[in-house]
Amino acid sequence: MIKIINALLAVVAGVGGAMVLYFVLNYAAERLPGRWEHRVKPYVFVGPAVLLIGLFLLYPAIRTLIFSFANRQSTEFVGFENYTDLLGSSAFRTTLLNTLLWIIIVPAFVVVLGLVVAVLADRLGERSEKAAKSIIFLPMAISLVGAATIWSFVYNSRPAGSTQIGLLNAIVVALGFDPIAWLQIDDGKLNSLLLMIIMIWTQAGFAMVLLSAAIKSVPEETLEAARIDGATEVQTFFRIVVPQIWATVITVFITVLIGVMKVFDIIYVATNGNFNTNVIGVEFFNQIFTNRNNGYASAIVIMLMIAIIPVMVYQVRHFKKQEANA
Amino acid sequence: MTTSSPALGTTGTPEGQPAAERRAAPPAAEHGKASQLARGQANWAVKSFLLVLCLVWMVPLIGLLVTSFRDPDDANTTGWWTVFADPFGSWTTENYSTVVQGTMGPAFLNSFVLTIPATIIPILIAAFAAYAFTFMRFRGRDFLFILIVGLLVVPNQVALVPLLQIYADAGLVGTFFSVWLAHTGFGMPLAIFILRGYMQTLPRSIIESASVDGAGHFTTFWRLIVPMSIPALAAFAIFQFLWVWNDLLVAKLFLGSGENEPVTIALQSLLGTQGQGWQLITAGAFITMSVPLLVFITLQRFFVRGLTAGSVKG
């Protein structure tokens with residue numbers, strides 16, 4: 001009960017406090033002589049937001065960079081030691097390799113699957129299209145912890161001889177094979193691939209919704225023209241539709257890519273990175289939380305940031321181009 | 001909401017037609033004739049492919065739901081699909097009462113306590129900033145906004161190590177306050193981005209006529225822009241709600257297990273102690289998912305509109 005009151009108080013105090021703050025600052029700005037009022041007022045409006053971004057993102061990011069060159073308690077500088085330690089360990093190199101596999105496989109797969117469903121569902125009757133899309137979209141609301149739980153149940157495995165309650169092993173056993181401990185087998189990265197399926201399951205609907213909307217906004221005339229010129233449907237799709245939805249394809253790809261680069265919950269819950277399934281999101285958490293090693297944790301984040309910089313540059317460029325066109 | 005900041009494109013379009021109307025229309029309508037590649041032309045191969053895919057998508061979820069209502073013995077000794085052989089067998093809601101009386105009940109409450117302020121507080125602050133970025137001229141505006149666009153793809157992880165240290169020094173670890181503040185900060189770039197994109201589509205003439213009538217920025221913001229931006233505010237609110245409710249990482253670091261833990265942590269602990277049995281884990285998982293699913297299903301239209309309006313225009 002006290003908690004609910006506290007939460008309500010927080011909403012009231014947070015929103016009310018912010019309103020009062022803006023009102024007072026605005027009032028003060030209006031008292032300023034003529035020109036100054038117009039100079040100061042915009043900063044009253046953006047100030048609190050910029051301050052929050054500075055306090056909770058920029059300043060900590062700089063500290064993280066500094067911590068990455070310091071020891072585990074951040075009391076002494078150690079140069080590049082954290083980086084060399086991490087990159088020198090074969091376990092961490094496996095972690096990097098796994099993350100790379102996630103990055104290569106998941107976003108591409110999500111985009112292709114989303115595109116396939118969007119295109120095919122478009123051919124169904126209106127009601128079936130809606131139903132099919134809702135089903136594919138639904139997992140997006142589920143937390144990754146929840147998704148990992150759901151699929152752990154699918155991948156569940158019990159010793160040979162006992163009744164399998166995991167769906168996949170029930171099928172395997174029904175076919176006359178021995179049950180397989182799915183998440184423990186890293187031959188051919190099987191377990192990592194199975195974990196990737198969970199991510200794809202949650203993300204494909206997102207891709208489908210965006211791509212479907214983009215496909216539906218392709219002008220009919222351009223399709224007609226292609227058909228009159230004798231293009232097959234496949235040719236029409238690749239030469240007429242795909243170029244027109246390309247911007248959306250990239251947007252979806254980047255969004256999923258960023259999500260995959262820092263993926264944590266699925267692997268943490270399903271295997272905690274054991275059986276060679278570790279990725280940097282989980283390694284980061286284990287360094288900061290379990291090992292209490294600020295140096296390693298920070299160095300891992302900085303490596304992640306370095307990998308993200310190209311995406312960021314693309315994002316900013318893309319935005320500038322759009323602004324110029326608007 | 002599992003990803004962080006969707007890399008949305010701008011929502012701005014140059015024409016000055018009323019934004020509310022434009023939002024309400026499906027994207028295709030803007031091109032006059034709705035483009036339909038081949039409505040109703042699916043052959044059996046397409047139909048069966050989609051049917052199989054939908055089944056594959058739903059089966060894990062159905063398994064979860066079914067198991068959560070099964071008798072503990074049944075749930076842990078036989079597959080959930082066996083219930084279809086005896087659909088009127090022993091069903092029970094006991095699993096739900098067990099987990100609710102355990103950790104899930106308080107955690108469910110905690111999740112609301114955690115999520116609601118973390119969703120509402122950022123909106124107002126971001127709306128003010130978005131207004132300034134859209135309708136005011138000031139030094140550093142373009143630079144600041146480019147910075148925000150860049151930050152859209154930066155993961156929260158960059159901030160966590162120092163924040164954890166600062167919170168620990170200030171004795172804030174384990175408090176809701178620490179998480180509210182963190183999510184407010186983390187959500188800010190996306191909020192400003194979505195709201196500015198929307199505000200840009202509002203007709204400028206309205207703002208100009210308001211200023212002719214002597215309304216200052218403050219009044220224009222409250223009386224005109226905020227009410228007109230409700231669809232974008234709602235779209236962001238849904239994003240942020242799902243994102244905070246479903247978050248595990250920030251909650252584990254700043255709140256931790258114990259009396260303030262949200263449902264994601266409670267579920268993870270249930271799963272970690274598998275001795276509890278699958279009937280409890282699945283019931284806990286379903287409780288965790290119930291609120292986002294409800295929000296998602298009832299507000300899907302807002303959410304989808306926010307998503308598509310954001311990027312299709314690209």
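Tutor: The C-alpha centres of domain 1 and domain 2 of chain A lie 37 Å apart. This is a predicted model, where local features need pLDDT of at least 70, side-chain atom pairs count only at pLDDT 80 or more, and totals for chains, interfaces and linings use all residues. Residues are numbered from 1 along each chain as its sequence is written, with chains lettered from A and ligands numbered from 1 in the order in which they are written.

Student: What makes the domains of chain A, and where do they run?
Tutor: Domain 1 covers 2-67 and domain 2 covers 89-325; such bounds come from an automatic or database domain assignment.

Student: How do you know that the span of helix α1 of chain A agrees with its 30 residues?
Tutor: A helix is a DSSP run (H or I, at least four residues), numbered from the N terminus. The expected span is 1.5 Å times one less than the number of residues, so residues 2-31 should span 44 Å, and the end C-alpha atoms are 42 Å apart, which agrees.

Student: Which residues of α1(A) are called buried, and why?
Tutor: Buried means 20 or more other C-beta atoms, placed from the backbone, within 10 Å of a residue's own. Ala7(A), Ala10(A), Gly14(A), Tyr22(A), Asn26(A) and Ala29(A) are the buried ones. They pack against α2 of chain A, plus α4 (94-135), α7 (176-199) and α9 (217-228) of chain B.

Student: How many residues does each chain bring to the contact?
Tutor: Chain A gives 102 residues and chain B 110 residues, where contact means C-beta atoms, placed from the backbone, within 7 Å. Helix α2 (residues 34-67) supplies the largest share of chain A's side, 18 residues.

Notes:
Contact = placed C-beta atoms within 7 Å. Helix = DSSP H or I, 4+ residues; strand = E, 2+ residues; numbered from the N terminus. Buried ≥ 20, exposed ≤ 12 C-beta atoms within 10 Å, placed from the backbone.
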